[in-house]
Amino acid sequence: FERAGRCTLSESIEAAHIIGRKLYAYHRIGITRLYAPMQIFACPLYDQHPEWRCVDWDGTPISRLSIAYPGVRQYFLEHLRETVERGADGVCLVFSRGWPLILFEKPVADEFKRRTGKKMKSVKPDHPELLQVRIDCFNQFMRDIRKTVLDAGRGREMKIVALTLALPKINRHYAMDCRTWAKEGLVQTL
């Protein structure tokens with residue numbers, strides 16, 4: 001397709017519309033790099049910005065970019081915008097593969113310190129106020145996604161589908177506040 005100058009996304013959207021179907025483009029937000037033995041999902045941003053990676057509690061970077069960083073959020077928002085501008089009827093955000101998207105990165109630590117006056121490492125990783133910082137960041141990302149998709153749709157009806165983990169408790173542990181997403185109308189199908 002690429003050698004022929006064709007765009008699989010545009011052609012898929014067009015084909016779906018020809019047969020009377022809607023297309024919600026599938027985006028695995030968390031997949032940005034997998035290394036040996038499976039070196040797939042190459043993402044130049046991941047390689048160019050190791051400082052933007054998710055960081056586990058012990059400081060170990062993991063193979064995900066963190067939405068705690070504005071540059072990472074912008075990267076994903078630009079992809080979603082392009083999808084809708086090409087004619088997609090919405091987006092399908094896949095959070096059930098490639099999570100987590102935010103853990104214990106510097107912006108999380110800084111915001112926790114600003115809110116509480118405490119250093120992040122002075123509490124346990126499951127501290128409620130620390131979790132709330134992560135949840136608030138994720139919720140804002142979802143609001144930004146909704147705005148981006150609506151703006152790119154230019155008045156067309158736009159839908160957002162979110163595929164999450166199996167249980168509300170697990171989603172919340174990884175800062176996915178599905179109740180708020182539904183309540184605020186950030187997603188239409190969860």
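User: Two strands pair if DSSP finds at least two bridges between them. So which strand pairs with β1, and over how many bridges?

Analyst: β1 (residues 24–27) pairs with β4 in the parallel sense, over 4 bridges. Strands here are DSSP runs of E with at least two residues, helices are runs of H or I with at least four, and both are numbered from the N terminus. Some housekeeping: this is a predicted model, where local features need pLDDT of at least 70 and side-chain atom pairs count only at pLDDT 80 or more, while totals for chains, interfaces and linings use all residues. Residues are numbered from 1 along each chain as its sequence is written, and side-chain values use heavy atoms, with hydrogens and water left out.

User: Which residues sit opposite each other there?

Analyst: Y26 stands opposite C92 in β4, and H27 has L93 as its bridge partner. L93 also stands opposite A162 in β5. That belongs to the parallel pairing of β4 with β5 (residues 159–163), which runs over 5 bridges.

User: How many residues of β4 are buried?

Analyst: 5 of the 5 in β4 (residues 90–94), so the strand is largely enclosed by the rest of the structure. Buried means under 20% relative accessible area, exposed means over 50%, and partly exposed is in between, using a 1.4 Å probe and protein chains only. G90, C92 and V94 point one way, V91 and L93 the other. In a regular strand, side chains alternate between the two faces of the sheet.

User: And which residues of β1 are on its covered face?

Analyst: A25 and H27; the uncovered face of β1 has Y24 and Y26.

User: Where do the buried residues of α3 fall?

Analyst: V72, R73, F76, L77, L80, T83 and V84 are the buried ones in α3. They fall within an arc of 125 degrees seen down the axis, so they line one face of the helix. The arc is taken from the directions from the helix axis to the C-beta atoms.

User: Which non-glycine residues have a positive phi?

Analyst: Among them are R154, with phi near 45 degrees, and A175, near 75 degrees. Most residues other than glycine have a negative phi. R154 is in the loop between α5 (128–153) and β5, and at 68% relative accessibility it counts as exposed. A175 lies in the loop between α6 and α7 and is buried at 0%.

User: What volume does the second largest pocket have?

Analyst: About 220 Å³. On a 1 Å grid over the protein atoms alone, a pocket is an open set of points where a 1.4 Å probe fits, with protein on both sides within 12 Å along at least five of seven lines; lining residues have an atom within 4 Å of a point. Points are joined across faces, edges and corners, and the volume is the space filled by probe spheres set on them.

User: What lines that pocket?

Analyst: The lining includes T164, P168, R172, D177 and L190. α6 (168–173) and α7 (178–183) are the elements giving two or more residues to it, with α6 giving the largest share, 3 residues. By class, the lining has 7 nonpolar, 2 polar and 3 charged residues. Nonpolar covers Ala, Val, Leu, Ile, Met, Phe, Trp, Tyr, Cys and Pro; charged covers Asp, Glu, Lys and Arg; the others, Gly among them, are polar.
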